[in-house]
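Reader: I am new to this structure and would like to go through it with you. Could you show it to me before I begin with my questions?

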Amino acid sequence: MKKHWWNDKIAYQIYPKSFLDTDGDGIGDLKGILSKLDYLKELGVDIIWLSPIYKSPFVDQGYDIPDYFSIAEEFGTMEEFDLLLNEAKKRDMYIVMDLVVNHCSDQHPWFQKALADPDGEYADYFYFVKSRDGKAPSNLRGYFGGSVWEPVPGTDKYYLHMFAKEQPDLNWENPRLRRQIYDMVNWWLEKGLAGFRIDAIINIKKVLSFPSYEPDGPDGLAFCTKMVDEASGIGDFLQELKRETFARYDAFTVGEVFNMKEEELQEFIGDEGHFSTIFDFSAHILTFGDHGWYDEKPLEFEAWRSALFQAQKEVQSVGFLANIIENHDEPRGASRYLPTWAQNDAGKKMLATTSILLRGIPFIYQGQEIGMTNCRRSDISEYNDINTLDQYKLAVEAGCTKEEALQCCFEHSRDNARTPMQWSAGPNGGFTDGTPWLAVNPNFTQINVEEQQGRPDSVLSYYKELIALRKSPEYREIFAYGDLVPAFEELPGIFAYWRVDRETGRRILVAGNYGTEAQVISTAPGAKLLLSNLPQSGTEVSSGSSESEQLRLEPCGCAVVLI
Ligand code: TEU
C-alpha cells in the first residue's frame, strides 16, 4: 500500500454555523474559527474539515449552494477565508472544505437559466425529464421525504432532486457541467486548500431510464437509494474527477459514501482509488429502521463491535477508513454508543479510546472532545433541521404520540450535533452574545471547554493525551499502519483489539469495558500501561504470575497496553 502525507493525521470537523460567533448575529463565523486554531492545535488536530461555508439560502444548512466561489456573508469574507488558510498553514494544519456537487441550490444561475429556457443548454445541467401519463417520471422518495420530482413550471417536465426540492440534482452525464465542476475544484485547490470532504457523492450516478420500484411505504413511493443501488458506472465519473483535479494537487479527499458495494472498496480507496478515504458508516447504518427514525432498532453492543471489526477487516489490505462516532448528520456518539449507565466522563473517555485508536483517520466532530451529548426538546418547533421535521411527521403519521415522536428526534435528530459549541458556562455557553440560531444544549453549564481546560481528569484533557499518544514519535507508525486484530471477543462487554506492527511483531492492546461487570484480561509479562481512563483505581496492569499479567477493567474502564 502506498504511503501518503495524511495517513497518520487527526482530523476535526467544524460545523461553522455552530462553532463560535464573534459578531453577535447568533451564527458562527470564520473569525470564530480563526480564534480557535490554537485550541485545535493544542488538541492535536492536523486537518480541519469545514462543513459548507459557501453562500447559501440555508434550506439544508449550506448544502444548497447557489455560488461555489463565494463565502456566505453570515460566515465572513473571502479575505478572512484566505487568512484562515494562511494561519492554518503557519501551524502545520490543513483546511478541507465540503464539496457539494450532487446538487446545487435552486437559486444557482444554472438552475435559474434552466427554468427560463427548459429546452436550452442549462436544462441539460439538470435532470429535466418528461412526465409519464401526466405524472412524475418515477415513484422515488427523496432523502427528506416526498417525491424526488418537482414540476418544471410551464412544461410537461419534472426536475430531479434527491434531497430538498431546493436542491436540484446536477446532471453528471453532461461533460460541460463536469468541466465547470473540475474548474471550480481546481480554483479552490489552487488557493491552497488541502482537499475536500465529498458530499453525497454516491448519488451522482442515476439509472437514466428512471424506472419505478416496488413501493415501500404508505405513500406509494420507494426510497431513492433503490435507484442508487442499481446504478452502475460511477467509477468513470469519479476517476475523471480525480484525474482532472485532486491528483494534480496530492489532495486529501474523504468521500461520504453510503450504499457502496463491498467489492468496490478497492476501486474507491485502493492505491488507485477515487478517494483518499471514505467514512466508515457501518455503525450508523446498523440500526436503520425500514421506514424512518420511528422504527429504528436499538443498538446492540455485540452487533456494533462486529460491524466495526468487519469494516476494519475488509479495509486492512486495501486502504484507510475515516473513523467517526458522530458528525453533523448523526446524533452525539456519547448518547448513542454508550449505554445509559456509562454516559459519564469515564465512558466518554473509553469510547474515545476504542474509536480513535482504530486503524484509519480519526475524525473528531466539534464538541466530541468535551463529551457533548444529545439535546432534549419539548416541542418540534424547537428543531430546525429539514430532515428532523420530515421524520417527526412520518412518526406521527405512523401512529406515534407527540412524546414518542419527540423521543425519536431526541435519539436521532441531526440537530443533536448542531447545537452550539459549549465554550463556557457563560450566557449561551460562550457561543454568542446574541441569540443563537439554534438553542444551546442546557447542559452547557456542566459540559464546556472552559471548565475542562486545565483540569487534568477532564474528557478534554484525556482527548489531548490520547491524541498525543497516537501521534507520539514512538507509536505513530503502529497506530497509523499497524494491523488491527480483534481480541477477547468472548468476554462480555469488552471492546478490545490489538494493533500489530507486522515487521517487528510489536503489539499494543486497546481495550474498553462496555459491560456492567469487571473483567480480567490476560496480557503478557512486562506489559506497559500507556494510557488508561481510571489510573488509580479501576484499571491496572498488575503482576500476575511470571508468565502472564492481568489487566483488570472495571465497567467504563479502558486501557492501552504495550506488549
Ligand atoms: O448527506 C447525505 C446523506 O445521505 C444524508 O442526508 C443522510 O441520508 C441523512 O443525513 C440521514 O439523516 C449529506 C450531508 O452530510 C447532509 O448534511 C446534507 O443534508 C446532504 O448531503 C445533502 O447535501
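Reader: Before that, what kind of model is it, and how are the residues numbered?

Author: This is a predicted model, in which residues are numbered from 1 along each chain as its sequence is written. Local features need pLDDT of at least 70, side-chain atom pairs count only at pLDDT 80 or more, totals for chains, interfaces and linings use all residues, and side-chain values use heavy atoms, with hydrogens and water left out.

Reader: Which residues come nearest to the ligand?

Author: They are D60, H103, D199, D329 and N387, out of 17 residues around the ligand. A residue is near a molecule or strand if one of its heavy atoms lies within 4 Å of it.

Reader: And what is the make-up of that shell: how many nonpolar, polar and charged residues?

Author: The shell has 6 nonpolar, 4 polar and 7 charged residues. Here Ala, Val, Leu, Ile, Met, Phe, Trp, Tyr, Cys and Pro count as nonpolar, Asp, Glu, Lys and Arg as charged, and the others, Gly among them, as polar.

Reader: How far are the polar side-chain atoms of D329 and R414 from an oxygen atom of the ligand?

Author: For D329 the distance is 2.4 Å, and for R414 it is 3.0 Å. D60 also has a side-chain N or O atom 2.5 Å from a ligand oxygen. A polar contact is a pair of N or O atoms within 3.5 Å; within protein, one must be able to donate a hydrogen and the other to accept it, and residues adjacent in sequence count only if both atoms are side-chain atoms.

Reader: How much of the ligand does the protein bury?

Author: The protein buries 91% of the 490 Å² that the ligand exposes when taken alone. Accessible areas come from the Shrake-Rupley method with a 1.4 Å probe; for residues, only the protein chains shown count as cover.

Reader: Let us turn to α13. What is its span?

Author: Helix α13 covers residues 386–397, 12 residues in total, and reaches 17 Å from its first C-alpha to its last, close to the 16 Å expected at 1.5 Å a residue. The expected span is 1.5 Å times one less than the number of residues. Helices (H or I, at least four residues) and strands (E, at least two) are DSSP runs, numbered from the N terminus.

Reader: Which of its residues are buried, and what covers them?

Author: The buried residues of α13 are N387, T388, D390, Q391, Y392 and A395. Their cover includes α14 (402–412) and α15 (415–418). Buried means under 20% relative accessible area, exposed over 50%, and partly exposed in between (1.4 Å probe, protein chains only).

Reader: What is found at the ends of α13?

Author: D385 caps the N-terminal end, with a side-chain oxygen 3.1 Å from the backbone nitrogen of N387. Just after the helix, G399 takes a positive phi of about 105 degrees.

Reader: How many residues of α17 are buried?

Author: In α17, 11 of 13 residues are buried, so the helix is mostly covered. Among them are V459, Y462, K464 and R470. Helix α17 (residues 459–471) reaches 18 Å, close to the 18 Å expected.

Reader: G235 and D236 both interest me. Are they buried or exposed?

Author: G235, in helix α7, is buried, with a relative accessible area of 10%. D236, in helix α7 (residues 234–249), is exposed at 61%. Leaving out residues up to four places away in sequence, G235 touches E267 and H274, where contact means heavy atoms within 4.5 Å.

Reader: What about T253 in β12?

Author: T253 lies in strand β12 (residues 252–255) and counts as buried at 2% relative accessibility. Beyond its neighbours within four places in sequence, its contacts include F196, I198 and H274.

Reader: Lastly, where are F488 and C556, and what is the phi of each?

Author: Most residues other than glycine have a negative phi. F488 has a positive phi near 50 degrees and is found in the loop between β16 and β17 (494–500). C556, which is not a glycine, has a positive phi of about 70 degrees and lies in the loop between β22 (549–553) and β23 (558–562). F488 is buried at 18% relative accessible area, and C556 is buried at 5%.
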